[in-house]
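Welcome! Take a moment to look over the model below, and then we will walk through it together.

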Protein chains: 2
Amino acid sequence: MYAHTYALIPWCGMRDSQTSRPPRAIDVAAAAGVSTATVSRAFNAPEKVLPEVRDKIFAVAAELGWLPNAAGAALASRRTWLAGVLIPTLDHDVFAAQVNALQAHLSASGITVLIGCSNYDLDEATEQVRVMLARGIEALAIVGEQQRPELFEMISARGVPYVVMYSHPPKSVHPCVGFDNQAAFFKLTRYLLDLGHRTFAVIHQPSLDNDRVLARLAGIREALAGEGLALRPQHIFEGQATFEFGRESLKTCLAGPGPRPTAVICGNDTLAIGALIEARAMGIDVPGTLSVTGFDDLPIAEFTAPPLTTMRVDNAAIGKAAAGYLLTQLKRQAATPQPPFEAQLIVRGSTGPVGA
Amino acid sequence: MYAHTYALIPWCGMRDSQTSRPPRAIDVAAAAGVSTATVSRAFNAPEKVLPEVRDKIFAVAAELGWLPNAAGAALASRRTWLAGVLIPTLDHDVFAAQVNALQAHLSASGITVLIGCSNYDLDEATEQVRVMLARGIEALAIVGEQQRPELFEMISARGVPYVVMYSHPPKSVHPCVGFDNQAAFFKLTRYLLDLGHRTFAVIHQPSLDNDRVLARLAGIREALAGEGLALRPQHIFEGQATFEFGRESLKTCLAGPGPRPTAVICGNDTLAIGALIEARAMGIDVPGTLSVTGFDDLPIAEFTAPPLTTMRVDNAAIGKAAAGYLLTQLKRQAATPQPPFEAQLIVRGSTGPVGA
DNA sequence: CCCCGTCATGTATGCGCTTACATGCCGTCT
DNA sequence: AGACGGCATGTAAGCGCATACATGACGGGG
């Protein structure tokens, strides 16, 4: 398809032969009649090269299709221009949005982002960080501060600046860019308490090794304890964050013995929507006899029946702020500790006064 | 927090002094009483090293916290173990799922994945690929085959194996792993035609530089043409893939002059759900007086009111297959051209016979 | 008119690792 | 017994680039 254009690139035609290799700086230098030092300067410190020479070098480089070999550059300059981000999975809007923003911001500064997915496994997380460090990342953003000690040891040992993204507990030993999960769920629960609710159910994600989920549960319990209340074990449901698990949990919950909850707090919007779906299927009036809350404010939350009361966090802003923090760290400037982001309560139609 | 453990790592305490640097292979070699060649072999070809020597080296390496410097390794071995993937944005379930699967699969083979986001901009796409090539990627997956010629020239010139992901038009000049967008929408439209629909509206994503969207429109037109039908300009809506655009497009459409469409084909589920929301708001009976279709089969599609008729593509399978293809290419094995994936029609409640 | 500073460029070293080749040891076959 | 082959390891040469330092040209001031 583009065969005709290959001819423009001298060494292209040879790409089938084993001798073919990408051009090097020395090839560009030879073709431009300068030394490799000047080629290097033309790209890395253009002001140090005479404009005419520089243009000649650029022209030759373009003609040869030369791209500076990053491995060579990294070795010689001791700079990789690489940063890493460790997340549980890309397959989740929240993390994808954060990574997207982080990458966009770092990329604008010429930094390439390596993405490591732990799949919610601490050992895999540690391994991913090991690989990233071997690749020479100069900064690292980590989702969640619950990690193996070795992970923090490795990055501290190498003096790599890092930041914990998404979480931001009040007394973290780590630099954080995020919000306080516990405070957010405290606020949410307080809101429901103020509506008169006294019996609660909770449907949440797997809490193993997950400080965000644990903090959320703590926030709920803290608010309840303030009123002398507690969660009944039969009202707590832990499982995968799917519509299905939200549905079956609500079903089980309402079929159970003892006092029926008047409010269901869900670990995220997906679970809440599942609960909403089941409530509709069972003919339960939401919010008349049951209030339901979510977390994340997915775009769909506004359009469920009834619209979902939830909490919103600006994930793109978190990603951008994390990038900004790392960037100032890389410049060896003072690390300005960010105040936590605020999770915003979005009251919609899925919550109401108890017994309304 | 982990200060007590730092003491276990000899050079940690010095990380504040400017002289501190990560250990090198030669440090490990010295501490283990061998040469750097043996250290290298212990990690890259363990069977060539006596078990006792190997264990000693591993122990010393762990103690020193040594990680092989990837830049040095890449330079010497001419292997970077890097692959790239070019996508429009991570902020979209479909691409995130594909990348997640691709990365999981390649990572299992020791390959690190570089992710480049084009933000639907051809120049940015080209630039991202340029950066990836400079970093030494040995393989590349690209979403969408509509790219600047320079992009394909660059990768061909370097002999980097690549694969187009997601799309799979019948006569592509590129190796593809994906499905035939045109055929999928042909099938979908055919289904609606068989239900008796004759007047159609289309609400779709921006088509500029987007071969997937263009192919989908072509599929619709092809099916209609088979019945001597065509789309009226006032029934075509192009805009961002949001609920909001789906809503306002349906509203505008139904308020417009001329014959009212009995079926609305949406470019994806988000637009379709927007249309569904608007239809409910307007009190329009779906599917009684209006059929609505989506594409992607988002998890929520099953639970809309009415449940959404849509098409499903296994994005994780595409990512995995793309990784598999690149892996065999890297082994210089025969490239087995994959047959296209099939987009599966999922008939639910949002479509029905015309005028039912 | 000479000296020295400035600027543009060249020279040459080494970043940390892999690997072809060299070395030396030991066991085995003739 | 001698030769030879195989094996474990060492030696040393780069991989492609950036950069400290050297060089040389040029110009201005004393």
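What percentage of the 356 residues in chain A do buried residues make up? The share is 54%, where buried means under 20% relative accessible area with a 1.4 Å probe, counting protein chains only. Chain A exposes about 15200 Å², with carbon and sulfur atoms supplying 55% of that area; the areas come from the Shrake-Rupley method with a 1.4 Å probe.

## About the model

This is a predicted model, in which local features need pLDDT of at least 70 and side-chain atom pairs count only at pLDDT 80 or more, while totals for chains, interfaces and linings use all residues. Residues are numbered from 1 along each chain as its sequence is written, chains are lettered from A and ligands numbered from 1 in the order in which they are written, and side-chain values use heavy atoms, leaving out hydrogens and water.

## Overall form

The C-alpha trace of chain A spans about 85 × 50 × 35 Å along its principal axes. You will find 13 helices and 11 strands in chain A; these are DSSP runs, with helices (H or I) of at least four residues and strands (E) of at least two, numbered from the N terminus.

## Domains

Chain A is divided into domain 1 (3-68), domain 2 (79-179 + 315-341) and domain 3 (181-312), with bounds from an automatic or database domain assignment. Between domain 2 and domain 3 of chain A, the contact takes 14 residues from domain 2 and 12 residues from domain 3, contact meaning heavy atoms within 4.5 Å. The centres of these two domains of chain A, taken over C-alpha atoms, are separated by 30 Å.

Methods:
Buried means under 20% relative accessible area, exposed over 50%, partly exposed in between (1.4 Å probe, protein chains only).
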